[in-house]
Amino acid sequence: MATSQNDPLEELYRRPGFMIRRVHQIAVALFIEETGKLGVTNRQYGILFVLKHRPGIDQISVANLLGLDRSTTGMVLKKLEEDGLVVRSVGVHDRRRHSLQLTTSGEKLLSQLAEPARKAHARVLSAFTPREQTLFLALLGKFMRAFNDSTRVPLDPYRTSQKTLPGMRRPNAGHTRKVRERPVRRMG
C-alpha cells in the first residue's frame, strides 16, 4: 500500500529505526531466497564463516566477533553441532572453554554457501549504482562504529574501549561529547 506525503504513517516509515529494521528484514529474505535449499540461516552462515577463518575459537569469542548475545550463539552452535557441522573440544589452555571447529561436513556446506551468499550480497546492493553502493556501505559502517558501544552486544572490531584496529579510526576521534544523565523516575 503506497502512502502519500499527507499520510501520518509516512512519519513512521521515514524513521531511521523503522527503515533499518525493514532493510534487515529484506536482506535476510534475500539471503534465504538464495540459500534456501541449503537450509542455513544468516546467523548460522556467520558462525560457520567465523569458524572457517578462526578455527579453534571459543563460543564467547564467536559471539563477540558477530555481535550476538551468548545465549543465541549457544543455541545456534548447538544446532550446528547436532547437524554434524561443528565439533567442540576441550580447550588446550583453559579446560573450561571449548574450542570450536568445522567438521568436514561443515567445510563442505560453507563451500556450497559461497556462491548463494555472494548472490544475496549482490542482490542487497543491486538497488544502488556502484557509487551509491560504496557510499551506502561507508555510511552503514560509520553508523555501526559510532553507536557500537551503545548496544547490549557490541561488535568486537568496533569497540572503542579497545585499541583501534589498523586502518580503522575511532568515531569522532578527538571529539568528545558529554551526555547529560537524566534522573531516574521511580514509579509508585
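## Close-up views of the predicted model

View 1. Aspartate 58 is placed in the loop between α3 and α4 (59-66); helices (H or I, at least four residues) and strands (E, at least two) are DSSP runs, numbered from the N terminus. The model is a predicted one, in which local features need pLDDT of at least 70, side-chain atom pairs count only at pLDDT 80 or more, and totals for chains, interfaces and linings use all residues. Residues are numbered from 1 along each chain as its sequence is written, and side-chain values use heavy atoms, with hydrogens and water left out. With a relative accessible area of 14%, aspartate 58 is buried (buried means under 20% relative accessible area, exposed over 50%, partly exposed in between; 1.4 Å probe, protein chains only). Its side chain makes a polar contact of 2.9 Å with the side chain of serine 61. A polar contact is a pair of N or O atoms within 3.5 Å; within protein, one must be able to donate a hydrogen and the other to accept it, and residues adjacent in sequence count only if both atoms are side-chain atoms. Apart from neighbours within four places in sequence, aspartate 58 is in contact (heavy atoms within 4.5 Å) with Arg97, His98 and Leu100.

**View 2. The largest nonpolar core.** This core holds 22 residues, of which Tyr45, Ile47, Leu48, Leu51, Val62, Leu80 and Val86 touch the most other members. The elements giving two or more residues to the core are α3 (42-53), α5 (70-82), β2 (98-102) and α6 (104-125). A nonpolar core is a set of buried Ala, Val, Leu, Ile, Met, Phe, Trp, Tyr and Cys residues joined through side-chain atoms within 4.5 Å. Leaving aside neighbours within four places in sequence, tyrosine 45 is in contact with Phe31, Val40, Leu110, Leu113 and Ala117.

**View 3. The salt bridge between arginine 123 and glutamate 33.** These two side chains meet at 2.9 Å, N to O, a salt bridge being a side-chain nitrogen of Lys or Arg within 4 Å of a carboxyl oxygen of Asp or Glu. Arginine 123 belongs to helix α6 and glutamate 33 to helix α2 (residues 16-35), so the pair ties together parts that are 90 residues apart in sequence. Arginine 123 is partly exposed at 32% relative accessibility, whereas glutamate 33 is exposed, at 53%. Glu33, Glu34 and Arg123 are linked in a network of salt bridges.

**View 4. The salt bridge between glutamate 107 and lysine 52.** The side chains of glutamate 107 and lysine 52 meet at 3.1 Å, N to O. Because glutamate 107 lies in helix α6 and lysine 52 in helix α3, the pair ties together parts that are 55 residues apart in sequence. Glutamate 107 counts as partly exposed at 34% relative accessibility, and lysine 52 counts as partly exposed at 37%.

**View 5. The salt bridge between aspartate 69 and arginine 152.** A distance of 3.7 Å, N to O, separates the side chains of aspartate 69 and arginine 152 in this salt bridge. Aspartate 69 lies in the loop between α4 and α5 and arginine 152 in the segment after α7 (130-147), so the pair ties together parts that are 83 residues apart in sequence. Aspartate 69 is buried at 18% relative accessibility, whereas arginine 152 is exposed at 69%.
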